[in-house]
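Let's take a quick tour of a protein's insides. Have the sequence and the 3D view open, and follow along.

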Amino acid sequence: MDKQEILNKLHTLGLVAVIRGPSPELTVRMVEALAVGGVIGIEITYTTPDAAAVVRALDRAFGDGILLGMGTLTDPAQAAEALDAGARYLVSPVTDEALGRAMVATGLPVMIGALTPSEVFRAHQLGSDVVKLFPGSAVGPDYVKALRGPFPHIPIMPTGGVDEHNVADWFRAGVFAVGAGSLLSPTKLAREGRFDEITATAKRFAAAVRSARASAPNP
């Protein structure tokens with residue numbers, strides 16, 4: 001897929017599972033459980049042990065069966081490493097010029113992290129295709145509505161504080177997609193081997209997103 005196709009698929013899916021895996025092996029099993037539950041937008045964070053190796057393993061195992069990205073990029077060198085590992089898109093929690101430029105230089109879709117209006121605007125100027133609003137739990141859907149006043153042209157994806165019960169509020173506010181971490185795939189369940197519960201949560205979450213997308217305005 002080319003860059004626009006990946007962005008279109010992210011928008012269509014509307015949901016990215018942000019995975020901070022406890023180990024390489026358990027991370028792969030978390031992704032398997034999520035995929036069975038219908039969540040195939042996957043972001044492996046750099047806080048996951050051996051994150052790049054995990055992405056390589058997932059790319060070999062799933063190919064285009066999932067939409068695989070890497071997140072929590074904080075070092076410019078990670079952008080090229082993530083591209084080489086097989087990531088289809090890159091995500092950072094921060095607005096940093098050197099990091100942002102390195103991410104954009106890969107040619108992959110980029111989501112630079114921001115919170116304040118100035119950061120949102122700067123992330124967009126740096127070439128962020130979608131601005132990651134983080135932490136979403138600190139502001140809420142009404143904040144997105146406020147941002148879309150001056151920035152109707154900037155796609156926004158909140159991460160943090162998104163759950164199956166409030167996801168409709170986020171889409172009504174006009175988000176491009178949502179990211180969900182521990183509320184979708186808790187590492188505690190992975191450590192305890194409770195992957196069926198991750199799958200069950202994924203099914204509910206995916207259904208909630210489909211319902212929210214069906215009734216929300218198109219951003």
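Start with helix H10: its buried residues are Phe195, Ile198, Thr199, Thr201, Ala202, Phe205, Ala206, Ala208, Val209 and Ala212. Keep in mind that this is a predicted model.

**Helix H10**
- H10 runs over residues 195-215, which makes 21 residues.
- At 1.5 Å a residue, H10 should span 30 Å, and its end C-alpha atoms are 31 Å apart, so the two values agree.

**The nonpolar cores**
- The largest nonpolar core has 62 residues, and Leu34, Ile42, Ile44 and Leu184 have the most contacts inside it.
- H10 turns up again here, giving the most to this core with eight residues.
- There's also a second, separate core of 12 residues, with Val16, Tyr89, Val91 and Ala177 among them.
- Zoom in on Leu34: leaving aside residues up to four places away in sequence, Leu34 touches Ala17, Ile19, Val39, Ile42, Leu184, Ser185, Ile198 and Ala202.

**A loop residue: Thr159**
- Thr159 sits in the loop between strand E7 (156-158) and H8.
- Is Thr159 buried or exposed? Its relative accessibility is 5%, and buried means under 20%, so Thr159 counts as buried.
- Leaving aside residues up to four places away in sequence, Thr159 touches Val18, Lys132, Leu133, Phe134, Pro135, Gly136 and Gly179.

Notes: Residues are numbered from 1 along each chain as its sequence is written. This is a predicted model: local features need pLDDT of at least 70, side-chain atom pairs count only at pLDDT 80 or more; totals for chains, interfaces and linings use all residues. Side-chain values use heavy atoms; hydrogens and water are left out. Helices (H or I, at least four residues) and strands (E, at least two) are DSSP runs, numbered from the N terminus. The expected span of a helix is 1.5 Å times one less than its number of residues. Buried means under 20% relative accessible area, exposed over 50%, partly exposed in between (1.4 Å probe, protein chains only). Contact means heavy atoms within 4.5 Å. A nonpolar core is a set of buried Ala, Val, Leu, Ile, Met, Phe, Trp, Tyr and Cys residues joined through side-chain atoms within 4.5 Å.
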